[in-house]
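These are my notebook entries on one protein model, written down in the order in which I looked things up.

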Amino acid sequence: MSLLAVSRLRLSWAPERELSMPPPALLKRPDRLVLGPAAGQGRPDRLQCQGLKAVNKISLSSQPGEHVSFVSVFTTYSSDPAGAGKRSSDVVTVGKHFYSKEERSMAILNTFIRFIQVSMPRSDVIILTDPKSKLSINQGKASILPIEGNYSRGNLMLQRIKSYIVNCARHFVFTDSDMAVVEDLGHIFTSYPNWHLALTFRNNKGQPLNSGFIAVRGARDGISKAIEFFNEVLKAYNLKYMKASRMLGDQLALAWVVKSYLSSAFGKFSRHETFTGEVNGASVLFLPCEVYNWTPPEGAGQFHGMPLDVKVVHFKGSRKRLMLEAWDFYNSTSQLSDMLCLILKSGRTKYDF
């Protein structure tokens, strides 16, 4: 990679050990990428990096995969019309791009779509949104589908489940928009033929299932079983978790429904292996988060590096800036495996965004 490409990322190296740390109140999140050591080095089943160069490449499919529709619920909350009153302190720079607060959300959404276009060019993207939202997307097979509902911050996760029920029609992957699909996911529908919906699990007692990735098989029985399942989750949410943190209610309801019908599944979540089970008549494919919903190292069981078969990277929480930085890196180098080294070495830092 050229020095010019590296300089565009505004990188700085973090020491592996810090002798002292200021009190938490004095810590300020960095406004640039901070690179540290890459977890998982020396393990043959993990991505190995020398600087920002991948030593062992992530295996990428060269064959056109299944046509899959990616669906995400998205809305904006800014009341600042046309960026009026924008303050310089609100502007974030990524590469040669400058983003205001509202523009950052749209940049994340557009980056989500671009990653899918690279990894699964036959697939389309559907954005479910509030009819009052003034979204505009002009990217190939991406489209906007307004659905009436309550999209307020406190109700968004509940609204997401309702929107999924309305939109079940064919092979679907319902995802958060802060995800990067880095490998074709069509094999889920061909290699594992006997399931109705798929969930991603992790070895986390409090939140063992992540609702940011849910797949639905586009057959008649798959769709009907998925709708029944979502209605069960919706009922549990309304009865038990309306007072939960606004970003946790759906995941708690999801886990409650699975545990009610298939408590044995929870004993398998520490194994990181794909398995199936029946939940109220629906055949559920359980996929490990470390492959299908991998998060830059921040949580339980994820400090062992990046698996070579990783399919989806989830930039949840404070890592959304890293998603834009990763795309900017890929856009300038066209090296997906090297981009994953950037993510792996940057993922422990919480960024100002």
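**Entry 1: the disulfide**

I first looked for a disulfide, meaning a pair of cysteine sulfur atoms within 2.5 Å, and I found that C49 is joined to C341 with an S to S distance of 2.1 Å. By this rule the count comes to 1 disulfide. I note that the model is predicted, so local features need pLDDT of at least 70 and side-chain atom pairs count only at pLDDT 80 or more, while totals for chains, interfaces and linings use all residues. My residue numbers start from 1 along each chain as its sequence is written, and side-chain values use heavy atoms, with hydrogens and water left out.

The torsion about the S-S bond of C49 and C341 is about -95°, so I wrote this disulfide down as left-handed. I then asked which parts of the chain the pair ties together. C49 lies in strand β3 (residues 49-50) and C341 in helix α9, so the bond links parts that are 292 residues apart in sequence. Here helices (H or I, at least four residues) and strands (E, at least two) are DSSP runs, numbered from the N terminus.

C49 is buried with a relative accessible area of 11%, and C341 is buried with 0%. I looked up C289 as well, and C289 is buried, with a relative accessible area of 3%.

**Entry 2: helix α9 and its neighbour α8**

Since C341 sits in α9, I followed that helix (residues 336-346) to α8, and their axes come within 9 Å and cross at roughly 150°. The axes are lines fitted to C-alpha atoms, for helices over the stretch in contact, and angles run from 0 to 180 degrees between N-to-C directions. Angles under 35 degrees count as roughly parallel, over 145 as roughly antiparallel, 65 to 115 as roughly perpendicular and the rest as oblique. The two helices α8 and α9 are therefore roughly antiparallel to each other.

Their crossing is right-handed; a crossing is called left-handed if the near helix is turned anticlockwise from the far one by less than a right angle, and right-handed if clockwise. Taking contact as heavy atoms within 4.5 Å, I listed L322, E325, A326, F329 and Y330 of α8 as meeting L336, D338, M339, L342, I343 and S346 of α9. These residues divide into 8 nonpolar, 1 polar and 2 charged, where Ala, Val, Leu, Ile, Met, Phe, Trp, Tyr, Cys and Pro count as nonpolar, Asp, Glu, Lys and Arg as charged, and the others, Gly among them, as polar.

**Entry 3: the other partner of α8**

At what angle do α2 and α8 pack? I found about 45° between α2 (residues 101-119) and α8 (residues 320-333), with their axes 10 Å apart, and the two are therefore oblique to each other. Helix α2 passes α8 in a left-handed crossing. On the α2 side the contact is made by A107, I108, T111, F112, R114, F115 and V118, and on the α8 side by K320, M323, L324, W327 and Y330. This contact divides into 9 nonpolar, 1 polar and 2 charged residues.

I also looked up R321, which lies in helix α8 and counts as buried at 2% relative accessibility. The C-alpha atoms of R321 and R104 are separated by 8.5 Å, although these residues are 217 apart along the chain.

**Entry 4: a covered helix**

I turned to helix α3 (residues 156-166), which is mostly covered, as 9 of its 11 residues are buried. Among those buried are L156, R160 and Y164, and what covers the buried residues includes β5 (69-73), β8 (124-129) and α5 (220-240).

**Entry 5: two backbone angles**

H272 has a positive phi of about 60° although it is not a glycine, and I located H272 in the loop between α6 (249-261) and β14 (275-279). At 29% relative accessibility H272 counts as partly exposed, and N280 is partly exposed with 35%.

**Entry 6: the whole chain**

Last, I noted that the protein has 9 helices and 16 strands, and that 53% of its 353 residues count as buried.

Methods. Buried means under 20% relative accessible area, exposed over 50%, partly exposed in between (1.4 Å probe, protein chains only).
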